[in-house]
Amino acid sequence: MKNLFLTNKKSSKKAYKEIIKQTAKAITKAFEDSSAYSGPTPQQLKKEIKGIEILPENGLGWDQVLELTKEKILPNMLRTSSSDYMPHLHSPATLESIASELIISTFNQSMDSWDQAPVATEIEVEVIRQLCALYGYPKKSDGVFTSGGSQSNQTAIILARDWFISTILKHDVKKFGLPENFKKLRMYTSEISHFSMEKSAHILGLGYESVVKVPVDSKKRMDFDALKKLIEADVASGNIPFLAVATIGTTDFGSIDPVDKMARLCKKYNMWLHADAAYGSGVILSQTYKHLVSSLNKCDSITVDFHKMFLLPISCSAVLIKNADDFSALTIHADYLNREEDEEDGYTNLVDKSLQTTRRFDALKVWMSFQARGKDGWSDIITTSMQNARYLYSIIKDNKNFEVITEPEISSLVFRYKAADDSLSDEINKKVRRCLLHKHGIVIGQTVSNGHVCLKFTLLNPLMTHKKLDDLVSLIQELCEKI
């Protein structure tokens with residue numbers, strides 16, 4: 001049991017420092033080249049890992065486990081900080097935020113009650129307050145950190161549902177459950193919105209049929225006229241519109257839905273407007289492009305993901321709501337956790353507004369990273385990635401060998417190689433992505449648009465250069481022509 005934890009004893013402090021030092025050395029050694037991946041296939045990795053007993057009869061001890069980790073795991077990890085990594089909304093992590101993760105893990109605070117996370121609670125409350133101000137919300141707004149965009153979206157949908165049912169339908173959903181006419185409830189979202197919309201509807205008992213998928217225009221934005229017609233048709237047929245979701249940065253294309261128009265429509269029909277800005281929330285920090293998301297303050301709730309454009313370690317997300325009172329839908333008191341007398345005396349228990357009970361101190365990552373970089377540093381980081389996407393578009397759109405699906409609004413570009421015989425193009429695009437992954441250590445995305453297989457660059461890394469983009473496009477063309 002010696003040196004089991006970090007304590008005030010000299011021996012445990014020494015052991016802690018040594019383990020952290022050895023781990024850091026092993027990690028940095030794994031960054032031997034600039035590639036994003038060392039190349040093994042699923043079959044090769046399965047063979048490599050199979051047979052390692054995770055709970056041996058006798059413990060191996062730290063030194064042996066570290067050696068095993070250095071041999072089997074670290075060389076095969078994705079290096080997301082490489083500019084060769086660009087498949088998903090999955091960012092590298094800034095150095096100061098990695099340091100914050102060490103603090104979070106070492107102290108292991110739980111964000112459900114004040115007595116489990118005193119200063120951590122106060123930091124989260126203050127970070128949320130300043131985030132609300134950043135997005136133009138009033139003083140009565142609030143928010144909470146979550147596990148990711150899916151949970152932020154789900155939280156917003158719960159709050160929207162309960163607000164609508166209690167305020168508009170005059171039914172206490174918290175006490176009595178869903179009203180008899182709940183099957184008529186409808187929420188509207190882009191046909192290319194995140195799958196968490198359908199998943200949340202299922203979990204909440206509304207079902208997939210409650211989710212009305214709105215067509216998109218040629219720029220992959222929600223077609224507002226189609227939305228208007230769908231709502232009018234539902235009202236005429238006796239259905240009950242309660243929520244519209246504006247996607248601020250679709251997963252594949254980074255397209256931004258028309259918030260201003262949607263806000264006016266939602267006001268007309270007494271609907272809640274949620275912004276799924278898991279991707280596009282970072283644009284607010286760009287002095288050049290922040291106008292693209294300047295209407296977020298018109299939404300009743302906003303999903304913000306910090307493990308995308310903000311370059312913080314997974315997981316780190318938040319949901320912000322314009323009216324703090326709407327969090328009452330999630331409040332329930334327990335004598336062992338969030339006692340009412342404590343709250344009356346000024347002890348804040350964040351479980352009152354969270355779907356989670358035990359929760360990490362993720363707000364520290366935002367607190368440290370925002371202060372370390374400042375407005376100027378973050379503007380440079382976000383603007384660089386967005387400008388890289390615009391440069392990539394400029395070099396591909398006039399290349400006769402490629403077809404670009406749409407001009408980027410944020411930092412993603414979807415395109416496809418077009419063979420002389422277009423019937424072969426889909427298979428070529430699939431093969432070139434695999435070739436890049438396993439033979440070149442370059443990881444890019446793949447998706448489908450208009451029935452065709454496409455390649456995708458998601459440019460979140462500000463270390464990407466125009467020369468590197470030139471070289472990547474040339475390599476992809478060269479490989480496609482050989483396949």
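Predicted model: local features only at pLDDT ≥ 70, side-chain atom pairs only at ≥ 80, totals over all residues.
Visitor: Which of them has the largest share?
Guide: That's α4, with six residues of the lining.

Visitor: OK, and what volume does the largest pocket have?
Guide: About 1,500 Å³. Its lining counts 35 residues, and Ile27, Phe31, Ala93, Leu95 and Ile98 lie nearest the centre.

Visitor: How does that lining split by class, nonpolar, polar and charged?
Guide: You get 21 nonpolar residues, eleven polar and three charged for the largest pocket.

Visitor: Now the second largest pocket. How much space lies in it?
Guide: About 420 Å³. There are 16 lining residues, with Gln130, Leu134, Leu285, Phe370 and Lys375 nearest the centre of that second pocket.

Visitor: Which elements give two or more residues there?
Guide: For the second largest pocket, they are α5 (118-134) and α12. The largest share comes from α12, with seven residues.

Visitor: Switching topic: where does Gly149 lie?
Guide: Gly149 lies in helix α6, which covers residues 149-167.

Visitor: Buried or exposed, and why?
Guide: Gly149 counts as buried because its relative accessibility is 11%, and the cut-off for buried is under 20%.

Visitor: What does Gly149 touch, leaving aside neighbours within four places in sequence?
Guide: Gly149 is in contact with Thr303, Asp305 and Ser317.

Visitor: How far is the Gly149 C-alpha from that of Asn297?
Guide: They are separated by 18 Å, and the two residues sit 148 residues apart along the chain.

Visitor: Zooming out, how many helices and strands does the protein have?
Guide: It has 14 helices and twelve strands. The radius of gyration is 24 Å, close to the 23 Å that the globule rule gives for 483 residues, so the protein is as compact as a globular protein of that length.

Visitor: What does the C-alpha trace span along its principal axes?
Guide: About 70 × 60 × 45 Å.

Visitor: What share of the residues counts as buried?
Guide: Of the 483 residues, 50%. As for surface, the protein exposes about 24,100 Å², and carbon and sulfur atoms supply 54% of that.

Visitor: Last one: among contacts with a separation of 6 or more, what share comes from residues 24 or more positions apart?
Guide: Those account for 70% of them.

Notes
Residues numbered from 1 in each chain as written. Heavy atoms only, no water. 1 Å grid on protein atoms, 1.4 Å probe; cavity = no way out; pocket = protein on both sides within 12 Å on 5 of 7 lines; lining within 4 Å. Points joined across faces, edges and corners; volume = space filled by probe spheres on them. Helix = DSSP H or I, 4+ residues; strand = E, 2+ residues; numbered from the N terminus. Nonpolar A, V, L, I, M, F, W, Y, C, P; charged D, E, K, R; others polar. Buried < 20%, exposed > 50% of the residue type's maximum accessible area, 1.4 Å probe, protein only. Contact = heavy atoms within 4.5 Å. Rg over C-alpha atoms; globule rule 2.2 N^0.38 Å. Areas by Shrake-Rupley, 256 points an atom, 1.4 Å probe, with all protein chains shown as cover.
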